[in-house]
Amino acid sequence: MQKVKLPKVIDPVKSANKRSEYSGVMSASDMPRWSEAVAGCNDVIHVEAKFEKDAQSLTLFHGTLDTSAQLICQRCNSLLEQTVHVDFCFTPVQGPDIDELELPEAYEPVEVDEHGEVNLLQLFEDELIISLPIVPLHAEDACTVTEDDMTFGKLKPEQERQNPFAVLQELKRDQE
Ligand SMILES: [Zn+2]
């Protein structure tokens with residue numbers, strides 16, 4: 001297994017033919033959308049990824065992303081530390097027929113470009129952003145605003161702000 005900085009762009013079919021396995025890192029400084037989505041973040045994103053063919057010869061790559069970020073608690077407006085863990089399982093698809101493919105439910109289709117490549121950096125950046133809670137909140141006993149403070153004019157955090165990634169989540173949902 002290679003301990004490496006992960007390639008930003010990869011040909012998943014070639015990688016699956018080589019049965020490539022990566023245990024490496026990506027840098028949050030290469031992910032401006034992710035950095036902007038959070039109040040602060042760990043620069044190191046641990047990535048485990050395995051490329052292979054399944055029993056039906058479908059190419060897939062699966063693995064995990066692990067990092068941490070700081071978010072703003074929507075109840076007390078102070079920082080909270082968020083552990084970020086993503087499990088992914090993608091299968092590369094090409095062209096406009098994605099919807100017609102009958103893919104196993106656990107596989108998320110990801111469209112490759114005209115060179116058969118996937119931009120892993122952007123794909124993983126999307127996954128990190130989607131994994132964030134829509135309304136970040138401290139655990140109740142860790143929050144500086146208590147239930148008692150909230151009995152009058154109770155906050156409705158879900159209405160406080162529009163989540164900028166709701167659209168992305170909709171997109172993701174449509175693909176499933
Ligand atoms: Zn709080």
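Student: How are the donor residues of the zinc ion spaced in sequence?
Tutor: The spacing is C-x2-C-x61-H-x4-C. Donors here are N, O and S atoms within 2.8 Å of the metal (3.2 Å for Na, K and Ca); water is not among the atoms, so sites may look incomplete. This is a predicted model, where local features need pLDDT of at least 70, side-chain atom pairs count only at pLDDT 80 or more, and totals for chains, interfaces and linings use all residues. Residues are numbered from 1 along each chain as its sequence is written, and side-chain values use heavy atoms, leaving out hydrogens and water.

Student: Which protein atoms are the donors of the zinc ion?
Tutor: They are Cys73 (SG), Cys76 (SG), His138 (ND1) and Cys143 (SG). They lie 2.0 to 2.3 Å from the zinc ion.

Student: Is Cys73 buried or exposed? And what about Cys76?
Tutor: Cys73 is buried, at 0% relative accessible area. Cys76 counts as buried too, at 15%. Buried means under 20% relative accessible area, exposed over 50%, partly exposed in between (1.4 Å probe, protein chains only).

Student: New topic. Where is Ile45?
Tutor: Ile45 sits in strand S5, residues 44-53. Strands are DSSP runs (E, at least two residues), numbered from the N terminus. Ile45 is buried, at 1% relative accessibility.

Student: What does Ile45 touch?
Tutor: Leaving aside residues up to four places away in sequence, its contacts include Trp34, Asp66 and Leu128. Contact means heavy atoms within 4.5 Å.

Terms used:
Helices (H or I, at least four residues) and strands (E, at least two) are DSSP runs, numbered from the N terminus.
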